[in-house]
Amino acid sequence: MKIGVYPGSFDPFTIGHLDVLKSAADLFDLVYVAVLNNSGKNPVFTAQERVEMIRKTIEAEQLGNVRYGLFDGLLVDYAASVNATFIIRGLRAITDFEYEFQIDAVNRHLSEGVRTVYFMASPAHSFLSSSNVKEIGRYGGTIEGLVPACNEYFIRERLARQ
Ligand code: PNS
């Protein structure tokens, strides 16, 4: 059984993330979306809120082979705990490459058994990031079509109050 982990801060989960997740769900028998419980990154949404938005998205999209969870510490340890041998990441522009290259090098150093696969973002999502969503939302712009519809209201209200 091929098991993959799709890790990230997901602050918040965007339709770009969803696009990657759907591709991964097509390729793997089982995919775990792993939300980093990263107080160091000062996320806008709490870990529980991010997990809940992902849970709702998985349910709305009827992704039957996708699970979700929170993790602290090293990604390779989380991957081992769910028997995953693949890490899944998305790539948008060339600027993502340097960052991903470093993460991959560290993970390979830590664990020889885990490999990373990358899905290119669709051109329609190449500009999209969680940071952009937060900035647009804070200044009252529309985030429609940038985040899963089931979470749009929650994200909009939350950002408007910031
Ligand atoms: O969505 P992000 O913030 O780009 O995701 C980064 C993530 C979660 C993949 C990375 O920070 C991570 O794996 N953190 C856990 C700690 C770890 O394993 N570090 C070694 C690899 S950098």
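Start by selecting the loop between strand E1 (3-8) and helix H1 (15-27), where you will find Pro12. Keep in mind throughout the tour that this is a predicted model. Now show the backbone of Asp11 together with Pro12: the peptide bond from Asp11 to Pro12 is cis, and its omega is near 5°.

For background, most residues other than glycine have a negative phi.

Now for the ligand. Select it and display its surroundings: 14 residues surround the ligand, and the closest are Ser9, Lys41, Leu75, Arg89 and Tyr99.

- Arg89: switch to the side chain, which places an N or O atom 3.1 Å from a ligand oxygen.
- Tyr99: stay with side chains, and look for an N or O atom 2.8 Å from an oxygen atom of the ligand.

How much of the ligand's area does the protein bury? On its own the ligand exposes 530 Å², and the protein buries 78% of that.

For the last stop, select helix H5 (residues 130-138) and helix H6 (residues 149-160). Their axes come within 8 Å and cross at roughly 65°, and the crossing of H5 and H6 is right-handed. Which residues make the contact? On the H5 side, show Val133, Lys134, Gly137 and Arg138; on the H6 side, show Ile155, Leu159 and Ala160. If you colour the contact of H5 with H6 by class, you will get 4 nonpolar, 1 polar and 2 charged residues.

Definitions and conventions: Residues numbered from 1 in each chain as written. Predicted model: local features only at pLDDT ≥ 70, side-chain atom pairs only at ≥ 80, totals over all residues. Heavy atoms only, no water. Axes fitted to C-alpha atoms, helices over the stretch in contact; angles between N-to-C directions. Helix = DSSP H or I, 4+ residues; strand = E, 2+ residues; numbered from the N terminus. Left-handed = near helix turned anticlockwise from the far one by under 90°. Contact = heavy atoms within 4.5 Å. Nonpolar A, V, L, I, M, F, W, Y, C, P; charged D, E, K, R; others polar. Near = heavy atom within 4 Å. Polar contact = N/O pair within 3.5 Å; in protein donor to acceptor, adjacent residues only side chain to side chain. Areas by Shrake-Rupley, 256 points an atom, 1.4 Å probe, with all protein chains shown as cover.
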